[in-house]
Amino acid sequence: MPGRAYARRHMQTSPVTVTFPAAPEDLRLARIATPDAGSRAGLDYDEVEDFRIAVDELCHLLMSSTDHEILLSFGVVGRSALARGRAARRHGGPLAPLGELSRSIIDSVADYHETFERDDEIGFSVMKERRSPAVDA
């Protein structure tokens, strides 16, 4: 069984936020922050990678529907890493639909995900649960 990705001990955590332009070249900021958030939740290496893939897919979805900055926040909820992304709508337009391939990918790597549209905001939530018991080594 793979060990923890980064943290040797389950770390106390407070929410972490990252704001970045809705441009593919800036998505690396989410790709750097996501593994840290997964590690703080005690995810192992494979779980962290699954979480990163899900966040990446959902950030791409937001990028296709906004010209505004994306606010990405991370937290730990019980045994799960949680990411929430949100942005202002592009000229009041709807959130682009999640494609069949993206939905299939996210369904296979995340334990829960949803997208939302409210008022002038679009966004998502995604969770990845730690499968193995916490190890304080």
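Is Arg-89 buried or exposed? Arg-89 is buried, with a relative accessible area of 13%. The model is a predicted one. The structure holds eleven salt bridges, and helices H2 and H3 have axes that come within 9 Å of each other.

**Packing of H2 and H3**
- Helix H2 covers residues 45-63 and helix H3 covers residues 100-109, and their axes cross at roughly 150°.
- That angle makes H2 roughly antiparallel to H3.
- The crossing of the two helices is left-handed.
- H2 contributes Asp-50, Ile-53, Ala-54, Glu-57 and Leu-58 to the contact, while H3 contributes Ser-102, Ile-105, Ile-106 and Val-109.
- By class, six residues in this contact are nonpolar, one is polar and two are charged.

**Salt bridge between Arg-89 and Glu-117**
- The side chains of Arg-89 and Glu-117 form a salt bridge, at 2.9 Å from N to O.
- Arg-89 lies in the loop between strand E3 (80-88) and H3, and Glu-117 lies in strand E4 (residues 112-118), so the pair ties together parts 28 residues apart in sequence.
- Glu-117 is partly exposed, at 42% relative accessibility.

- Asp-36 and Arg-40 form a salt bridge, with their closest N and O atoms 2.8 Å apart.
- Both residues lie in helix H1 (residues 28-40), four residues apart, which is about one turn of the helix.
- Asp-36 is partly exposed at 34% relative accessibility, and Arg-40 is partly exposed at 23%.

**Salt-bridge network**
- Arg-79, Asp-111, Glu-129 and Arg-131 are linked in a network of salt bridges.
- Within it, the closest N and O atoms of Arg-131 and Glu-129 are 3.6 Å apart.
- Arg-131 is partly exposed at 48% relative accessibility, and Glu-129 is partly exposed at 30%.

Notes. Residues numbered from 1 in each chain as written. Predicted model: local features only at pLDDT ≥ 70, side-chain atom pairs only at ≥ 80, totals over all residues. Heavy atoms only, no water. Axes fitted to C-alpha atoms, helices over the stretch in contact; angles between N-to-C directions. Parallel < 35°, antiparallel > 145°, perpendicular 65-115°, else oblique. Left-handed = near helix turned anticlockwise from the far one by under 90°. Contact = heavy atoms within 4.5 Å. Nonpolar A, V, L, I, M, F, W, Y, C, P; charged D, E, K, R; others polar. Salt bridge = Lys/Arg side-chain N within 4 Å of Asp/Glu carboxyl O. Buried < 20%, exposed > 50% of the residue type's maximum accessible area, 1.4 Å probe, protein only.
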